[in-house]
Amino acid sequence: MLYRASISASAVRLAEVDFINKPPAGATRSMSESISIVIPAYNEGNAIGDTLSELKTMLSCNGIEAEIIVVDDGSSDDTSKVALQSGVRVLRHFSNRGYGAALKTGIPAASNQIVAMTDADGTYPFRYIPD
């Protein structure tokens with residue numbers, strides 16, 4: 001799903017979000033055609049590594065520049081650790097707040113105006129992103 005980011009940062013209670021890592025150096029909110037991909041995740045430690053690897057391969061093969069943001073929604077497993085090891089940006093809720101809350105955290109944190117969303121376990125095929 002592609003959306004133009006329109007949720008203001010004030011819509012998210014930032015005190016409840018742990019910003020594990022910051023946007024890549026030089027990342028700015030611009031009108032570029034680069035995209036941000038937001039991936040809500042809850043206890044997906046077993047699946048997120050493969051999903052991120054496949055997503056990065058698809059992006060690379062299609063010449064797409066993208067910022068990948070995983071929003072760990074209070075997982076009790078190693079979801080955040082696996083995502084960080086994959087080299088993506090990770091935001092973490094201190095407790096489970098739900099899928100919608102994870103999106104409301106990830107979308108305004110995106111550095112690009114075009115935002116795509118997918119699931120951590122690969123339920124939604126991201127092969128359509130290049131379209």
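Which are the buried residues of helix 3? In this predicted model, where local features need pLDDT of at least 70, side-chain atom pairs count only at pLDDT 80 or more, and totals for chains, interfaces and linings use all residues, they are Ala 101, Ala 102, Leu 103, Thr 105, Gly 106, Ile 107, Pro 108 and Ala 109. Residues are numbered from 1 along each chain as its sequence is written, and side-chain values use heavy atoms, with hydrogens and water left out.

Buried here means under 20% relative accessible area, exposed over 50%, and partly exposed in between, for a 1.4 Å probe and protein chains only. Helices (H or I, at least four residues) and strands (E, at least two) are DSSP runs, numbered from the N terminus. Helix 3 spans residues 99-109, and because eight of its 11 residues are buried, it is largely enclosed by the rest of the structure.

Strand 5 (residues 89-93) is mostly covered as well, five of its five residues being buried. On one side lie Arg 89, Leu 91 and His 93, and on the other Val 90 and Arg 92. Strand 5 runs parallel to strand 4 (residues 66-73), to which five bridges join it; strands count as paired if DSSP finds at least two bridges between them. Val 90 is the bridge partner of Val 70.

The structure holds two salt bridges, each defined by a side-chain nitrogen of Lys or Arg within 4 Å of a carboxyl oxygen of Asp or Glu.

| Residue in strand 5 | Residue in strand 4 | N to O distance | Separation in sequence |
|---|---|---|---|
| Arg 89 | Glu 67 | 3.1 Å | 22 residues |

Arg 89 and Glu 67 are both buried, and Asp 72 is buried with a relative accessible area of 0%.

The largest nonpolar core has 20 residues, of which Ile 37, Ile 39, Ile 48, Leu 52, Leu 55, Val 70 and Ile 129 touch the most other members. Such a core is a set of buried Ala, Val, Leu, Ile, Met, Phe, Trp, Tyr and Cys residues joined through side-chain atoms within 4.5 Å. Its largest share, five residues, comes from helix 1.
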